[in-house]
Amino acid sequence: MSTIDIYVPRDSSALSLGAEQVANAIGAEAKKRNIDVRLIRNGSRGMYWLEPFVEVVTPGGRVGYGPVTVKDVPGLFDAGFHTGGQHALAHGVTDEIPFLKSQQRLTFERVGVIDPVSVSDYVAHGGYQGLRAALAMKQADIVQAVLDSGLRGRGGAAFPTGIKWKTVLDQNTPQKYVTCNADEGDSGTFADRMLMEGDPLTLIEGMTIAGLAVGANQGYIYLRCEYPHAHQVLKEAIAAAYQARYLGADVMGSGRKFDLEVRLGAGAYVCGEETSMLESLEGKRGEVRVRPPLPAIKGLFGQPTIVNNVITHASVPIILAKGAAFYRDYGVGKSRGTLPFQLAGNLKHGGLVERAFGLTLKELLYDYGGGSATGRPIRTVQVGGPLGAYIPASQFDVAAGYEELSAIGALLGHGGIVAFDDTVDMAKMARYAMEFCAIESCGKCTPCRIGSTRGVEVIDRILAGVDTEHNLKLLEDLCETMLQGSLCGLGGMTPFPVTSALKYFGEDFRGRARH
Ligand SMILES: Cc1cc2nc3c(=O)[nH]c(=O)nc-3n(C[C@H](O)[C@H](O)[C@H](O)COP(=O)(O)O)c2cc1C
Ligand code: SF4
């Protein structure tokens, strides 16, 4: 009997649900039954309600089972799952599962499919075609391709990536850097982590292309220390890329050099802000820098530096491999390409949905998310992390694009969507936003450092029913001051969740019992 390939994820979420124990149990049970099994530790497919999601390779394709627990394993073997047999946990051929089948996976094409640390598996699935194409191009042409693709930064600010790259290319200095912002501090977001754990070579390839494009031979991935599994996968993948000469002194035999290292953050939300990240990378306290100068002109160690998010970097290989027009053809308005939307909070089917920009929030929440996990109506969603606005159910028809969301006073940010049902207390959510800012403020500017603390106090008075109208006015004034006067987005955007909660859910702030 030939060897049977069984995939069990090494993704953090799957591991947190027992994937390691399930992998061990499958190995032990196969041995007991004299079945020749090869266990491959892949990333997650992004259907988190089914994790640990185990897949078996059959002649008809990969067949999925989940969520699998250790005690299910003997029964799965009894049912012949190792040959794709029927079982209560079976979901059929994975690629045919509607949640996956209707997605447009460009950046996440290989995530959950391949062995994340195998260069040969990566290449067999189309990897390194972008770098190969880039090596045959002039630097300015690589930058032009990124510009033409319409790619905008996926970290939150949506700045055109090609313009940033062109600025770095235009600097006439011998030392430049490529950095990757893998701090991923936004609530409800996990796309960076999922990509790094499931297909880190796409990020490595993207950063190598960035280095070639702008003339930088050193890259750093700034990874949050809360991602130990991603760190491990990255370390293994970088070592494998060096071994296969896709990194190092002679990238793909081109004579061009690109070195890559991972640096760990110490766990501050503000270190995801790009200048604060650079300070932290330099070994200093993560405090925001005044701009200008822009990092593209004077960044890491004072040198021209590309700062891009994980997903931005990881979107570049397919643009180079398939051409700018291929990528630009996806999307809506000025939001070109695809976005990995992350469904979180009170949803039946939490997970990752990569689709072209332009589908509605309603489609994401109900067609993919399956509605709330509690079965109650979804009252609101917060999109774009802890600094994103709350969007009421009456606006769920909005198309998910940068300008489209901004037109309703919201933001798309890194694509995280956190759902709340009708039991949520929006005054408490507003307090949470202010408290988050107070805790995470770097302290450099007064509106944020002092304003957020005063904001918590004002909301506490509102919660206690004290001088409600007066305190609501005070809160609005304070939000205006923070919006206008803060040095960076942490203080400057904290008013978004607060004022949107006030605007759409004013009843939660008024009429509270005085105590
Ligand atoms: C408080 C704050 C936190 C941020 N956190 C992150 C983060 O965790 N990851 C990220 O990529 N960008 C984050 N950003 C955005 C970065 O400052 C920057 O715009 C981004 O890294 C640029 O890369 P991009 O153009 O590829 O998006 C944050 C911004 C602010 C103001
Ligand atoms: S807004 Fe807050 S986090 Fe940003 S620079 Fe000012 S004090 Fe620091």
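A cavity is a set of grid points, taken over the protein atoms alone, where a 1.4 Å probe fits but cannot get out; its lining residues have an atom within 4 Å of a point. The model discussed here is predicted.

1. The cavity. How many cavities of 30 Å³ or more does the structure hold? The count is one. The largest cavity has a volume of about 90 Å³. Its lining has 13 residues. Those nearest the centre are Val288, Cys442, Cys445, Cys448 and Cys488. By class, eight residues of this lining are nonpolar, four are polar and one is charged.

2. Ligand 2. What takes up the space of the largest cavity? Ligand 2 does. Around ligand 2 there are 13 residues. The closest are Cys442, Lys444, Cys445, Cys448 and Cys488. The shell of ligand 2 splits into eight nonpolar, four polar and one charged residues.

3. The pocket. The largest pocket has a volume of about 1100 Å³. It is lined by 43 residues. Gly155, Gly156, Ala157, Gly272 and Glu274 lie nearest its centre. The lining counts 18 nonpolar, 16 polar and nine charged residues.

4. Elements in the pocket lining. Helix 8 (161-169), strand 9 and helix 20 each give at least two residues to the lining of the largest pocket. Which element gives the most? Strand 9 does, with four residues.

5. Ligand 1 in its place. The space that ligand 1 takes is the largest pocket. Two or more residues of the ligand 1 shell come from strand 9 (305-309) and from helix 20 (489-493). Strand 9 has the largest share of that shell, at three residues. So what holds for the pocket lining holds for the ligand shell too: strand 9 gives the most to the lining and has the largest share of the shell, by the DSSP runs used to set the elements.

6. The shell of ligand 1. There are 19 residues around ligand 1. Gly155, Asn181, Asn308, Asn309 and Thr312 come nearest. Gly155 is also named among the residues nearest the pocket centre.

7. Polar contacts of ligand 1. Lys164 brings a polar side-chain atom to 2.9 Å from an oxygen atom of ligand 1. A backbone N or O atom of Arg154 is 3.4 Å from a ligand 1 oxygen atom. A polar backbone atom of Gly185 is 3.4 Å from an oxygen atom of ligand 1. On its own, ligand 1 has 610 Å² of accessible area, and the protein covers 90% of that.

8. Cis peptide bonds. Check Pro52 and Pro292 by eye. The bond from Glu51 to Pro52 is cis, with omega near -10 degrees. Pro52 lies in the loop between strand 2 (37-40) and strand 3 (54-58). The bond from Arg291 to Pro292 is also cis, with omega near -5 degrees. Where does Pro292 lie? It is in the loop between helix 12 (274-281) and strand 9.

9. A positive phi. Tyr128 is not a glycine, yet its phi is positive, at about 65 degrees. Tyr128 is placed in the loop between helix 5 (119-124) and helix 6 (129-135).

Technical notes:
Residues numbered from 1 in each chain as written. Chains lettered and ligands numbered in written order. Predicted model: local features only at pLDDT ≥ 70, side-chain atom pairs only at ≥ 80, totals over all residues. Heavy atoms only, no water. Near = heavy atom within 4 Å. Polar contact = N/O pair within 3.5 Å; in protein donor to acceptor, adjacent residues only side chain to side chain. Areas by Shrake-Rupley, 256 points an atom, 1.4 Å probe, with all protein chains shown as cover. 1 Å grid on protein atoms, 1.4 Å probe; cavity = no way out; pocket = protein on both sides within 12 Å on 5 of 7 lines; lining within 4 Å. Sits in = over half its atoms within 2 Å of the grid points. Points joined across faces, edges and corners; volume = space filled by probe spheres on them. Nonpolar A, V, L, I, M, F, W, Y, C, P; charged D, E, K, R; others polar.
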